[in-house]
Amino acid sequence: MSSPYTVRWGILATGMIADLFVKDLILDPATRDVSDVKHEVKAVASSSSADRAKKFLEECKVPEGAAAYGSYEELVKDKNVDIVYVATPHSHHYQNTMLCLEAGKHVLCEKAFTTNAAQAKKLIETAKAKNLFLMEAVWTRFFPLSIQIRKFIEDGNLGAVHRVIADNSFGDNVEEKYGTTHRMINMDLAGGCLLD
């Protein structure tokens, strides 16, 4: 049996979604019946400080050896990183993803990919021009149920699909829970129901 392909990750930001992503990423692939690929976190960057990045590595129990940076620019220069997971607030996805692409890094960008179509188009054009992988991290795409439904549609088992109605929501009063200045609500930070 050949050795698994190793994907070497850089993590851009240290918030809650990055924490969840990294803890899943470093699980033993055998727990998912996968043997041909493994993931290693090689570097983490926090916009606040290298100390915050170090603390994140410790909290996530990332194996020794990963670099901790206090700037995103340092992260994208790291030669041990092949792909960067962009986990900043979505109001900053365009600039952070472009930073990674310009540095020659593949990118998995958390949702919402960008705040408008023009930004998304520019990122896609840049990735294509540089022959780099670029994807929005939409987890529902990989659910077994989603995969099966796509297969049913592709195989013609459901007939012609004319309309799909879907809902993905939560029942919190967001202004009560977060206040009106939080990034989830603040329109200047691309808040609101459409993008977050």
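This is a predicted model: local features need pLDDT of at least 70, side-chain atom pairs count only at pLDDT 80 or more; totals for chains, interfaces and linings use all residues.
Figure 1. A pocket here is an open set of points on a 1 Å grid over the protein atoms alone, where a 1.4 Å probe fits and protein lies on both sides within 12 Å along at least five of seven lines. The lining, meaning residues with an atom within 4 Å of a point, counts 28 residues, and nearest the centre lie Phe21, Leu25, Arg32, His39 and Leu108. Helix α1 gives the largest share, 5 residues. At least two residues each come from β1 (5–12), α1 (16–25), β2 (37–45), β4 (83–86), β5 (106–110) and β6 (134–137); helices (H or I, at least four residues) and strands (E, at least two) are DSSP runs numbered from the N terminus. By type, the lining holds 22 nonpolar, 2 polar and 4 charged residues, where Ala, Val, Leu, Ile, Met, Phe, Trp, Tyr, Cys and Pro count as nonpolar, Asp, Glu, Lys and Arg as charged, and the others, Gly among them, as polar.

Before moving on, a word on conventions. Residues are numbered from 1 along each chain as its sequence is written, and side-chain values use heavy atoms, with hydrogens and water left out. Local features need pLDDT of at least 70 and side-chain atom pairs count only at pLDDT 80 or more, while totals for chains, interfaces and linings use all residues.

**Figure 2. Phe21 in the largest nonpolar core.** This core has 43 residues, and Trp9, Ile11, Phe21, Val22, Val41 and Tyr85 touch the most other members. Such a core joins buried Ala, Val, Leu, Ile, Met, Phe, Trp, Tyr and Cys residues through side-chain atoms within 4.5 Å; buried means under 20% relative accessible area, exposed over 50%, and partly exposed in between (1.4 Å probe, protein chains only). Beyond its neighbours within four places in sequence, Phe21 is in contact (heavy atoms within 4.5 Å) with Trp9, Ile11, Tyr85 and Leu108.

**Figure 3. Asp19 in helix α1.** Have a look at this charged side chain: Asp19 is buried, with a relative accessible area of 17%. Leaving out residues up to four places away in sequence, Asp19 touches Phe56 and Cys60.

**Figure 4. Helix α4 and its packing.** Within α4 (residues 93–102), the buried residues are His93, Asn96, Thr97, Met98, Cys100 and Leu101. They pack against β1, α3 (72–77), β4, β5, α5 and β6. Just after the helix, Gly104 takes a positive phi of about 85 degrees.

**Figure 5. The loop between β5 and α5 (117–129), with Asn116 and Ala112.** Asn116 is partly exposed, at a relative accessible area of 35%. Its side chain reaches the backbone nitrogen of Gln119 at 2.8 Å. The peptide bond from Lys111 to Ala112 is cis, with omega near -15 degrees.

**Figure 6. Positive phi at Asp33 and Asn131.** Most residues other than glycine have a negative phi, which makes these two worth a visit. Asp33, in the loop between α1 and β2, has a positive phi of about 60 degrees and is exposed, with a relative accessible area of 76%. Asn131, in the loop between α5 and β6, has phi near 55 degrees and is exposed at 68% relative accessible area.

Methods:
A polar contact is a pair of N or O atoms within 3.5 Å; within protein, one must be able to donate a hydrogen and the other to accept it, and residues adjacent in sequence count only if both atoms are side-chain atoms.
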